[in-house]
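Hello,

Here is the structure I promised to hand over. My notes on it follow below.

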Protein chains: 2
Amino acid sequence: MSGLISEKDPGHDYYFGSYSHFYIHEEMLKDKERTLAYKRAIERNYNDFKGKIVMDIGAGTGILSIFAARAGAAHVYAIENAEIAHYAKEIIKRNGLADKITVLKGKMEELTIPVPKVDIIISEWMGYFLLYESMLDTVLWARDKYLVEGGKMLPDRAKIYLAAIEDGQYKHSKTTFWDDVYGVDMSCMATQCIKEPLIDTCNGDMIISDSCKILDLDLVKMDKGDVEFTSEYELKFIHSDKCHALVAWFDTDFADLEKPITLTTSPYCTPTHWKQVVFYLDNELTVKKGDVLKGSIAVRKSKVNFRELDIKISYHFDSPQCTEHFVQLYKIK
Amino acid sequence: MSGLISEKDPGHDYYFGSYSHFYIHEEMLKDKERTLAYKRAIERNYNDFKGKIVMDIGAGTGILSIFAARAGAAHVYAIENAEIAHYAKEIIKRNGLADKITVLKGKMEELTIPVPKVDIIISEWMGYFLLYESMLDTVLWARDKYLVEGGKMLPDRAKIYLAAIEDGQYKHSKTTFWDDVYGVDMSCMATQCIKEPLIDTCNGDMIISDSCKILDLDLVKMDKGDVEFTSEYELKFIHSDKCHALVAWFDTDFADLEKPITLTTSPYCTPTHWKQVVFYLDNELTVKKGDVLKGSIAVRKSKVNFRELDIKISYHFDSPQCTEHFVQLYKIK
């Protein structure tokens with residue numbers, strides 16, 4: 001079996017080795033929504049950057065640091081722990097910015113930073129479902145140690161949203177696949193489909209409810225414990241249809257700037273490499289326009305493995321055609 | 001950044017968590033060339049299986065064990081270390097074969113097997129480039145401990161082939177991407193393209209030479225050290241063109257059976273999930289039909305990390321239009 005490295009796209013390539021890490025950088029750089037949001041936030045707000053000391057956490061190829069240096073930062077400290085840091089140094093040198101940007105290779109918590117404080121922290125730290133395997137803890141630690149009073153974070157706000165979707169065709173094809181596998185009944189595998197959240201691109205057509213914000217983080221003020229939360233939610237159906245799943249996505253704002261920018265991963269907007277996260281319901285709900293789904297979502301770091309997320313979604317749905325009470329624990333590992 | 005889980009296909013989904021391991025099984029089962037090769041090898045040779053004791057190493061969902069049991073095996077021991085073993089047990093039970101197949105969950109080297117010897121070992125152990133992260137060591141260990149004298153292995157032969165390809169458009173697009181990344185010169189990243197082997201599907205159109213076998217393993221007789229080898233190769237160009245890379249693929253044979261079967265991953269045949277492995281050359285070669293590329297390929301397990309492969313490819317090319325001596329170390333990590 002070749003399962004340890006799984007590439008999913010017959011038309012797409014996959015690199016072995018250290019480049020598998022470099023491939024990630026190519027993928028992220030090719031995500032225009034992502035990269036241009038940061039570029040615009042920095043370039044359109046060059047007044048906020050002029051003469052400032054900037055820290056770029058998880059700098060990768062150094063692109064955000066270069067944007068900041070070109071916007072007029074006095075100096076940028078680019079923090080990166082992986083081998084890509086060597087390439088960042090080379091890239092920065094080639095682009096004539098070695099006097100403006102210092103690459104520091106190492107773990108944030110272990111490095112010696114040449115300045116006691118910085119004016120701005122930039123970081124692209126977000127993971128799937130915003131929080132999965134994100135660098136947020138590291139960013140907050142650096143904020144507490146290095147950011148001046150009144151200093152800026154880019155981004156400075158992050159929100160997660162929920163909506164309901166119709167996704168019958170896909171769910172059906174995934175579950176019925178297991179009914180007959182070369183003459184073998186593997187239908188017991190189908191139940192796994194709904195217990196594991198799915199990263200997938202949803203489009204606006206699939207959405208059959210309004211959306212509900214379930215988390216709102218002020219990155220300048222929050223505590224690291226705020227990533228564990230419980231929120232009530234309420235979704236009002238805007239179509240009569242079958243509801244198969246809930247979809248979650250996030251926005252990050254570059255708000256505290258002269259010209260604010262939002263980076264969104266909404267299913268109504270151009271897809272990003274983060275896509276969205278889909279939580280399939282056990283049973284489909286038959287819903288009418290105007291019906292309301294009320295429930296609660298709780299997100300915790302797994303006690304078994306701090307890198308994992310446990311997400312419990314419950315709801316109560318009460319309508320003339322359908323009454324359902326549902327509780328499901330999803331694990332993002 | 002969401003780089004730790006990278007899904008490559010905007011149209012394809014990716015599951016989190018334990019299901020990410022189950023996704024692998026779905027992918028392998030959906031590889032028809034792979035699964036049908038085993039199914040045919042077993043079913044068409046039911047006489048070889050009738051009344052026999054069979055061991056299935058790395059049984060996964062148990063599909064090969066089920067094929068063997070249905071072909072008339074007296075009993076099958078399905079060895080699987082991952083959580084999927086629990087599903088294999090359920091699947092086997094649901095298909096009425098719990099009396100014929102025993103699932104043993106654990107590491108091959110640590111399990112107690114209820115019988116001293118088995119007549120047949122079946123295993124789908126192959127990795128990218130045949131050998132990368134393959135289960136072959138485990139299969140050979142089990143062979144030495146459990147296979148009766150004269151017992152059968154399925155497959156029983158494995159070969160790796162090399163050929164030369166024209167791939168200018170792709171290589172160009174991969175390398176030129178880095179020249180201008182949002183106004184930043186990242187051209188130093190392009191050199192990584194050629195140092196890392198690439199898993200990709202090549203088609204027959206790209207091949208501009210004959211193919212050359214560089215490894216031929218008799219799985220019944222080989223030593224585990226035979227996976228480290230050095231082979232001379234010779235490729236005769238069948239087209240006048242530019243040569244950008246070498247491509248490698250493997251075949252596995254189910255040869256020692258009444259009705260032999262070959263499972264091939266050749267670029268001339270239907271692609272499998274293994275695709276092929278491409279090694280880009282530093283500089284393109286201008287070749288004429290009839291020209292010959294002579295060289296050597298050496299494959300070693302990395303001393304740094306035994307799971308990694310070091311592959312050194314060298315060649316000498318001498319023609320009126322072009323003389324080139326080339327040595328490159330590729331790492332499959």
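A salt bridge is a side-chain nitrogen of Lys or Arg within 4 Å of a carboxyl oxygen of Asp or Glu. Please keep in mind that this is a predicted model: local features need pLDDT of at least 70, side-chain atom pairs count only at pLDDT 80 or more, and totals for chains, interfaces and linings use all residues. Residues are numbered from 1 along each chain as its sequence is written, chains are lettered from A and ligands numbered from 1 in the order in which they are written, and side-chain values use heavy atoms, with hydrogens and water left out.

One of the salt bridges joins the side chains of Lys301(A) and Asp137(A), at 3.0 Å from N to O. This pair links distant parts of the chain. Lys301(A) is in strand β14 (residues 292-301) of chain A, Asp137(A) is in helix α6 of chain A, and 164 residues separate them. Helices (H or I, at least four residues) and strands (E, at least two) are DSSP runs, numbered from the N terminus. Lys301(A) is partly exposed, at 27% relative accessible area. Asp137(A) is also partly exposed, at 28%. The terms work like this: buried means under 20% relative accessible area, exposed means over 50%, and partly exposed is in between (1.4 Å probe, protein chains only).

Lys152(A) forms a salt bridge with Asp256(A), with the closest N and O atoms 3.2 Å apart. Here too, distant parts of the chain are linked. Lys152(A) sits in strand β6 of chain A, and Asp256(A) in the loop between β11 (241-254) and β12 (261-264) of chain A, 104 residues apart. Lys152(A) is buried, with a relative accessible area of 18%. Asp256(A) is partly exposed, at 47%. There is also a network: salt bridges that share partners join Arg157(A), Lys213(A) and Asp216(A).

**Helix α6 of chain A**

Which residues of helix α6 (residues 136-146) of chain A are buried? They are Leu136(A), Val139(A), Leu140(A), Ala142(A), Arg143(A) and Tyr146(A). They cover an arc of only 160° around the axis, which puts them on the same side of α6(A). The arc is that of the directions from the helix axis to the C-beta atoms. An α-helix has 3.6 residues a turn, so residues three or four places apart point the same way.

What covers the buried residues of α6(A)? The cover includes β2 (53-57), β5 (118-123), β6 (147-154) and β9 (212-218) of chain A.

Take Leu140(A), in helix α6 of chain A. Leu140(A) is buried, at 3% relative accessible area. Leaving out residues up to four places away in sequence, Leu140(A) touches Leu219(A), Met222(A), Asp223(A) and Lys224(A). Contact means heavy atoms within 4.5 Å.

Arg143(A) is buried as well, at 9% relative accessibility. Its side chain meets that of Asp144(A) in a salt bridge (2.9 Å, N to O). Asp144(A) is exposed, at 54%.

**Helix α5 of chain A**

Helix α5 (residues 84-94) of chain A has these buried residues: Ile84(A), Ala85(A), Tyr87(A), Ala88(A), Ile91(A) and Ile92(A). Seen down the axis of α5(A), they fall within an arc of 155°, so they line one face of the helix. After α5(A) comes Gly96(A), with a positive phi near 70°.

**Aromatic rings**

How many aromatic pairs are there over all chains? A search of the whole structure finds 16. Rings of Phe, Tyr and Trp (its six-membered ring) pair if their centres lie within 6.5 Å; planes under 30 degrees apart count as stacked, over 60 as edge-to-face and the rest as tilted.

The ring centres of Phe129(A) and Phe279(A) are 5.9 Å apart and the planes are at 80°, so this pair is edge-to-face. Phe129(A) lies in the loop between β5 and α6 of chain A and Phe279(A) in strand β13 (residues 276-287) of chain A, so the pair ties together parts 150 residues apart in sequence. Phe129(A) is buried, at 4%. Phe279(A) is buried, at 0%. Phe129(A), Phe279(A) and Tyr330(A) form one aromatic cluster.
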